[in-house]
Amino acid sequence: PAPAGPGATRRTRPGLKQWLRTRARLHAQVLIASLGRLYRAPFSSLMTVAVIAIALALPSGLLVLLDNLQRLNAGWDGTTSISLFLRQSVSDARADRLAEELRDWPRIDAVRTLHRDQALAEFRELSGFGEALDALDENPLPGVLIVQPAANAAPDQPIEALVEELGRLPEVELAQLDLQWVKRFSAMMDIGRRGVLVVGALLGLAVLLIAGNTIRLDIQNRREEIEVCKLIGGTDAFIRRPFLYGGFWYGLLGALLAWLLVAVGLWLLDEPVRRLAGLYDSGFLLGGPSLEGVGLLLAAGVGLGLAGSWLAVGRHLRAIEPT
């Protein structure tokens, strides 16, 4: 035999490239043919895609809303404050001096003073009980110091200890941490996120079954074609390929339609959210799904479509044999 040399290597490489090119062309032909089969049955294909889209859009939309609430909660986390309600006997001048003293504390970043008249004016504006307040002989509200703890506090000095220390001051009637409800909100967010994951898993199983059942019906409708293909020597891989690509298209189109449904839902909620945020003097805006979220949605749709079609083909294709 001739020794292997550079010429042998050059003869091998074109063969490999040609094989890869041929395989790619065959897969592209089957991919386009599978899409054409869906196009020729528009009503049934649209119904299947719509059901998959709804199943994917529900958990996706809920996750987007939870992410928006998490962004809102993150903004609140940075506004941890302690409200010091002063005794009625504490004058405004004494409240100002106490605020100056507290600003020198190393664990306090800032202190804002709310005098009794300011507290009454704010309560009158926000509560809507202006006429009832006019009937009072004197201001029943105490002065308030709003304390902003230092952000770089030591881990061994929790904020609750600072609240207790401030509450022991002789001028303070009550010290209240304003972040307790934010912590409760975060706990509810964790519960909501886990609930969405459970719902998403169940709906993902539904997408798997929908895609599998659709491919199963397609296999039954093409039973005679499959038998003829096996008679002339068609392999299982060759017969399986168009059904797998059919599941691919169902999953991809369902995920794209799900993304569109989520975008439309957020668009419908955008104006009411803007108005509500404006009432609280907030510039909060609804955010849409991120690029990672869209990619994950498309990957989930394609993966579930392929998995459902693979299970259906693997189970039902073996039961079809030419007679």
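Me: Leaving aside neighbours within four places in sequence, which residues is Leu297 in contact with?
Reply: Happy to start there, keeping in mind that this is a predicted model. Leu297 is found in helix 10. Once its neighbours within four places in sequence are set aside, the residues in contact with Leu297 are Leu56, Ser60, Ala255, Ala258 and Trp259.

Me: Is Leu297 buried or exposed?
Reply: The cut-off for buried is under 20% relative accessible area. Leu297 has 9% relative accessibility, so Leu297 counts as buried.

Me: Which residues of helix 9 meet helix 10?
Reply: On the helix 10 side, the contact includes Val294, Leu297, Gly301 and Trp310. By class, the contact of the two helices has 15 nonpolar, five polar and one charged residues. The residues that helix 9 brings are Arg240, Phe243, Leu244, Gly247, Phe248, Gly251, Leu252, Ala255, Leu256, Ala258 and Trp259.

Me: How are helix 9 and helix 10 oriented to each other, roughly parallel or roughly antiparallel?
Reply: Good one to work through! The axes of helix 9 (residues 236-279) and helix 10 come within 7 Å and cross at roughly 150°. Angles over 145 degrees count as roughly antiparallel. The crossing is right-handed, and the two helices are therefore roughly antiparallel.

Me: How far apart are the end C-alpha atoms of helix 10, and what span should its 26 residues have?
Reply: Helix 10 covers residues 291-316, and at 1.5 Å a residue its 26 residues should span 38 Å. The expected span agrees with the distance between its end C-alpha atoms, which is 37 Å.

Definitions and conventions. Residues numbered from 1 in each chain as written. Predicted model: local features only at pLDDT ≥ 70, side-chain atom pairs only at ≥ 80, totals over all residues. Heavy atoms only, no water. Helix = DSSP H or I, 4+ residues; strand = E, 2+ residues; numbered from the N terminus. Expected span 1.5 Å × (residues − 1). Axes fitted to C-alpha atoms, helices over the stretch in contact; angles between N-to-C directions. Parallel < 35°, antiparallel > 145°, perpendicular 65-115°, else oblique. Left-handed = near helix turned anticlockwise from the far one by under 90°. Contact = heavy atoms within 4.5 Å. Nonpolar A, V, L, I, M, F, W, Y, C, P; charged D, E, K, R; others polar. Buried < 20%, exposed > 50% of the residue type's maximum accessible area, 1.4 Å probe, protein only.
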